[in-house]
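Here is a friendly walk through one protein chain, to be read with the model open beside you. Shall we take a look together?

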Amino acid sequence: MVFADLKEADITAALAACSADGSFEYKGFFAKCGLAGKSSDDIKKAFAVIDQDNSGFIEEDELKLFLQNFSAGARALTDAETKAFLNAGDSDGDGKIGVDEFAALVKA
Ligand SMILES: [Ca+2]
């Protein structure tokens, strides 16, 4: 498990709640998996894992596979879910999510 401080049961519950295509909702997910209650350092560590190419940003393709950082067998987000997630986080409109934008999403 990449997010060592999160509880396996919480991750399982968070993933189960969004297992159907179109049911992903980031606020509920971050609350259920426990990340919303973590420190800024832990959220930065999570960001570094999701930013798979270490570009310093979470791009759309990384966002699409977001759930697979929590469990390798999790589904990809649909295009609509990916766009909605990106739009919610991308406050400066550069088409990707930086670490501060990610932290704001997690704590939303
Ligand atoms: Ca990236």
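## Around glutamate 62

Leaving aside residues up to four places away in sequence, glutamate 62 touches Ile50, Asp51 and Gln52, a contact meaning C-beta atoms, placed from the backbone, within 7 Å. Please keep in mind that this is a predicted model, in which local features need pLDDT of at least 70 and side-chain atom pairs count only at pLDDT 80 or more, while totals for chains, interfaces and linings use all residues. Residues are numbered from 1 along each chain as its sequence is written.

Glutamate 62 sits in helix H4; helices here are DSSP runs of H or I with at least four residues, strands are E runs of at least two, and both are numbered from the N terminus. Glutamate 62 counts as partly exposed because it has 18 C-beta neighbours inside 10 Å. The scale runs from buried (20 or more other C-beta atoms within 10 Å of a residue's own) through partly exposed in between to exposed (12 or fewer), with C-beta atoms placed from the backbone.

## Annotated sites and loops

The unreviewed UniProt entry carries a "binding site" annotation that includes Asp51, Ser55 and Glu62. UniProt positions follow the numbering used here, feature names are shortened, and annotations may be inferred rather than shown by experiment. Serine 55 belongs to the loop between H3 and helix H4 (60–64), and asparagine 54 is in the loop between H3 and H4. Asparagine 54 has a positive phi of about 55°, although it is not a glycine. Serine 39, in turn, lies in the loop between H2 and H3. The table gives their neighbour counts.

| Residue | C-beta neighbours inside 10 Å | Class |
|---|---|---|
| Serine 55 | 10 neighbours | exposed |
| Asparagine 54 | 7 neighbours | exposed |
| Serine 39 | 9 neighbours | exposed |

Residues 38–73 are 44% helix and 0% strand, with end C-alpha atoms 24 Å apart. For residues 77–108 the figures are 59% helix and 0% strand, and the end C-alpha atoms lie 20 Å apart.

## The nonpolar core

Which residues touch the most other members of the largest nonpolar core? They are Phe29, Cys33 and Leu35, in a core of 20 residues. Such a core is a set of buried Ala, Val, Leu, Ile, Met, Phe, Trp, Tyr and Cys residues joined through C-beta atoms within 7 Å. Cysteine 33 touches Leu6, Asp10, Ile11, Ala14 and Phe70, not counting residues up to four places away in sequence.

Definitions and conventions: Contact = placed C-beta atoms within 7 Å.
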